[in-house]
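Visitor: I would like to learn how to read the features of a model like this one. Please show it to me, and then we can go through the features in turn.

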Amino acid sequence: MYRINKEKNNIAKLEERLFSDLKIRERENLQEWIAKNPEMLGEELLIIQKEFDGFNDTQERLDLLAIDKDGGLVIIENKLDDSGRNVVWQALKYTSYCSTLTNSQIINIYQ
C-alpha cells in the first residue's frame, strides 16, 4: 500500500503494521468501524444488530448481523489476525443458527 502525494507527484510505500501493534481491538475498534461504515466490506449492507445473541440454548453471539440489498442475511464475524483458526466453523455455526429466523423476527431484531 502506498500514500499518494499529488502536490509533489510522488508516492511513498507504507510500512506494514499489525493491528495488535497499533493497539486496535476487535470489538471496540474493528466492529465499530464496520458497523458505522459497512460499505467497507465491498457491498451495500444494513447492519441490523451488533453482538447478536438471540440463539436458543447457547451463550454465543455473532459480531454483526446485516441484510444485503437483496434482503439476504449476512453474518459478519470479525478477526484481527489471519490465523483462520475456527473462523469458518464459527461462521457456519452462526449461519445455521440464523437460518431459522423469520421475517418477523428479523424486523424485531432491527427494531
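Visitor: Is Glu28 buried, partly exposed or exposed?

Guide: The model is predicted, so local features need pLDDT of at least 70 and side-chain atom pairs count only at pLDDT 80 or more, while totals for chains, interfaces and linings use all residues. Residues are numbered from 1 along each chain as its sequence is written, and side-chain values use heavy atoms, with hydrogens and water left out. Buried means under 20% relative accessible area, exposed means over 50%, and partly exposed is in between (1.4 Å probe, protein chains only). Glu28 has 45% relative accessibility, so Glu28 counts as partly exposed.

Visitor: With which residue does Arg25 form a salt bridge?

Guide: Side chains of opposite charge can pair when their charged atoms come close. The rule for a salt bridge is a side-chain nitrogen of Lys or Arg within 4 Å of a carboxyl oxygen of Asp or Glu. Arg25 forms one with Glu28, and their closest N and O atoms are 2.9 Å apart.

Visitor: How many salt bridges does this rule give?

Guide: The count comes to six. Among them is the bridge between Arg27 and Glu51, with the closest N and O atoms 3.1 Å apart. Helices (H or I, at least four residues) and strands (E, at least two) are DSSP runs, numbered from the N terminus.

Visitor: Which residue meets Glu60 in a salt bridge?

Guide: Lys93 does, with an N to O distance of 2.5 Å. Here too the pair links distant parts of the chain: Lys93 is in helix α2 (residues 87-98), Glu60 is in the loop between β3 and β4 (62-68), and they are 33 residues apart. Lys93 is buried, with a relative accessible area of 18%, whereas Glu60 counts as partly exposed at 21% relative accessibility. Salt bridges that share partners also join Arg27, Glu51 and Arg61 into one network.

Visitor: What is the phi of Glu51?

Guide: Most residues other than glycine have a negative phi. Glu51 is not a glycine, yet its phi is positive, about 55 degrees. Lys23 also has a positive value, near 60 degrees, in a residue other than glycine. Lys23 sits in the loop between β2 (10-13) and α1, and at 67% relative accessibility Lys23 counts as exposed.

Visitor: Which residues form a nonpolar patch on the surface?

Guide: Patches are made of residues with over 30% relative accessible area and no salt bridge: like charges are joined within 9 Å, nonpolar side chains (Val, Leu, Ile, Met, Phe, Trp, Tyr) within 5 Å. Accessible areas come from the Shrake-Rupley method with a 1.4 Å probe, and for residues only the protein chains shown count as cover. In this model Phe19, Trp33, Met40 and Leu41 form the patch, with about 370 Å² of accessible area together. Met40 lies in the loop between α1 (26-36) and β3 (45-52) and is partly exposed, with a relative accessible area of 48%. Phe19 is found in the loop between β2 and α1, and counts as partly exposed at 31% relative accessibility.

Visitor: How many residues apart along the chain are Phe19 and Asp81?

Guide: They are 62 residues apart along the chain, and their C-alpha atoms are separated by 7.9 Å. Another pair to look at is Pro38 and Ala66, 28 residues apart in sequence and 9.0 Å apart in space, C-alpha to C-alpha. Pro38 is in the loop between α1 and β3, and counts as buried at 10% relative accessibility. Gly54 and Tyr97 are 43 residues apart in sequence, with a C-alpha to C-alpha distance of 9.0 Å. Gly54 lies in the loop between β3 and β4.
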